[in-house]
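Subject: Structure for you to look at

Hello,

Here is the structure I promised to hand over. Please open it first, then read my notes below.

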Amino acid sequence: MQDELYVRRTQKMMDVRHMLKTGGEDRLKDLRLVDAIQRLGIDHHCQEEIEALIWRQHVSAKCCFDQSEGLHEVSLCFRLLRQEGYYVPPGGF
(Lines give C-alpha, C1' and ligand atoms only; values in the text may rest on other atoms or scores of the structure.)
Protein backbone atom coordinates (compact mmCIF):
# COMPACT_ATOMS: atom_id res chain seq x y z
CA MET A 1 0.00 0.00 0.00
CA GLN A 2 2.71 2.47 0.92
CA ASP A 3 4.73 1.46 -2.11
CA GLU A 4 1.80 2.42 -4.34
CA LEU A 5 1.49 5.77 -2.62
CA TYR A 6 5.21 6.42 -3.01
CA VAL A 7 5.08 5.51 -6.71
CA ARG A 8 2.09 7.81 -7.33
CA ARG A 9 3.70 10.73 -5.51
CA THR A 10 6.97 10.22 -7.36
CA GLN A 11 5.15 10.12 -10.70
CA LYS A 12 3.23 13.32 -9.90
CA MET A 13 6.45 15.09 -8.94
CA MET A 14 8.06 13.95 -12.19
CA ASP A 15 5.04 15.33 -14.08
CA VAL A 16 5.39 18.68 -12.32
CA ARG A 17 9.11 18.81 -13.12
CA HIS A 18 8.34 18.02 -16.77
CA MET A 19 5.77 20.83 -16.94
CA LEU A 20 8.33 23.25 -15.53
CA LYS A 21 11.02 22.12 -17.98
CA THR A 22 8.89 22.43 -21.07
CA GLY A 23 7.03 25.61 -20.19
CA GLY A 24 4.07 26.61 -22.23
CA GLU A 25 2.93 29.41 -24.44
CA ASP A 26 0.88 30.84 -21.60
CA ARG A 27 3.29 32.74 -19.36
CA LEU A 28 0.67 33.41 -16.70
CA LYS A 29 -0.02 29.69 -16.38
CA ASP A 30 3.71 29.02 -15.94
CA LEU A 31 4.03 31.76 -13.32
CA ARG A 32 0.98 30.49 -11.45
CA LEU A 33 2.45 26.97 -11.46
CA VAL A 34 5.68 28.24 -9.90
CA ASP A 35 3.72 30.25 -7.35
CA ALA A 36 1.57 27.23 -6.42
CA ILE A 37 4.62 24.98 -6.05
CA GLN A 38 6.27 27.52 -3.78
CA ARG A 39 3.13 27.95 -1.67
CA LEU A 40 2.85 24.17 -1.25
CA GLY A 41 6.42 24.11 0.02
CA ILE A 42 7.68 21.57 -2.48
CA ASP A 43 9.81 23.98 -4.51
CA HIS A 44 13.01 22.47 -3.11
CA HIS A 45 12.30 19.32 -5.15
CA CYS A 46 12.41 21.20 -8.45
CA GLN A 47 14.48 24.31 -7.77
CA GLU A 48 16.60 23.92 -10.92
CA GLU A 49 13.52 23.77 -13.14
CA ILE A 50 11.98 26.80 -11.43
CA GLU A 51 15.18 28.80 -11.86
CA ALA A 52 15.35 27.84 -15.54
CA LEU A 53 11.72 28.83 -16.13
CA ILE A 54 12.19 32.21 -14.41
CA TRP A 55 15.39 32.77 -16.38
CA ARG A 56 13.54 32.04 -19.63
CA GLN A 57 10.86 34.53 -18.61
CA HIS A 58 13.49 37.17 -17.89
CA VAL A 59 15.70 36.63 -20.94
CA SER A 60 12.97 36.23 -23.52
CA ALA A 61 11.28 39.43 -22.34
CA LYS A 62 8.04 37.55 -21.78
CA CYS A 63 7.65 39.49 -18.57
CA CYS A 64 7.28 42.75 -20.38
CA PHE A 65 5.59 45.01 -17.90
CA ASP A 66 4.28 47.61 -20.34
CA GLN A 67 2.56 45.06 -22.59
CA SER A 68 1.16 42.84 -19.89
CA GLU A 69 -2.40 41.62 -19.76
CA GLY A 70 -3.15 42.61 -16.19
CA LEU A 71 -1.97 43.71 -12.80
CA HIS A 72 -1.99 40.17 -11.42
CA GLU A 73 0.43 38.97 -14.10
CA VAL A 74 2.69 41.99 -13.64
CA SER A 75 2.84 41.66 -9.87
CA LEU A 76 3.41 37.90 -9.99
CA CYS A 77 6.17 38.23 -12.56
CA PHE A 78 7.75 41.10 -10.62
CA ARG A 79 7.73 39.14 -7.36
CA LEU A 80 9.09 35.91 -8.85
CA LEU A 81 11.87 37.70 -10.72
CA ARG A 82 12.88 39.68 -7.64
CA GLN A 83 12.67 36.57 -5.50
CA GLU A 84 15.11 34.76 -7.80
CA GLY A 85 17.51 37.70 -7.63
CA TYR A 86 16.90 39.37 -10.99
CA TYR A 87 16.95 43.13 -11.09
CA VAL A 88 13.61 44.56 -12.09
CA PRO A 89 13.26 48.32 -11.79
CA PRO A 90 10.24 49.20 -9.66
CA GLY A 91 9.27 52.00 -12.04
CA GLY A 92 9.17 49.62 -14.98
CA PHE A 93 5.41 49.32 -14.90
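Start with glutamine 38. Setting aside neighbours within four places in sequence, glutamine 38 is in contact with Asp43, Ile50, Arg79, Leu80, Gln83 and Glu84. Keep in mind that this is a predicted model. Glutamine 38 sits in helix 2. Is glutamine 38 buried or exposed? Its relative accessible area is 16%. The cut-off for buried is under 20%, so glutamine 38 counts as buried.

Next, the packing of helix 2. Helix 1 covers residues 2–22, and helix 2 covers residues 27–40. The two pack at an angle of about 140°. Their axes are 10 Å apart. The crossing of helix 1 past helix 2 is left-handed. Helix 1 makes the contact through Val16, Met19 and Leu20. Helix 2 brings Leu33, Val34 and Ile37. By class, that contact has 6 nonpolar residues, no polar ones and no charged ones.

Now helix 3, residues 47–59. How far apart are its end C-alpha atoms? They are 18 Å apart. At 1.5 Å a residue, the 13 residues should span 18 Å, so the two values agree.

Which residues of helix 3 are buried? They are Glu49, Ile50, Leu53, Ile54 and Gln57. Seen down the helix axis, these buried residues fall within an arc of 130°, so they line one face of helix 3. In an α-helix, residues three or four places apart point the same way, because there are 3.6 residues a turn. The buried residues of helix 3 pack against helix 1, helix 2 and helix 4 (71–83). Ile50, one of them, is also among the contacts of glutamine 38.

Best wishes

How values were computed:
Residues numbered from 1 in each chain as written. Predicted model: local features only at pLDDT ≥ 70, side-chain atom pairs only at ≥ 80, totals over all residues. Heavy atoms only, no water. Axes fitted to C-alpha atoms, helices over the stretch in contact; angles between N-to-C directions. Helix = DSSP H or I, 4+ residues; strand = E, 2+ residues; numbered from the N terminus. Left-handed = near helix turned anticlockwise from the far one by under 90°. Contact = heavy atoms within 4.5 Å. Nonpolar A, V, L, I, M, F, W, Y, C, P; charged D, E, K, R; others polar. Buried < 20%, exposed > 50% of the residue type's maximum accessible area, 1.4 Å probe, protein only. Expected span 1.5 Å × (residues − 1). Arc of directions from axis to C-beta.
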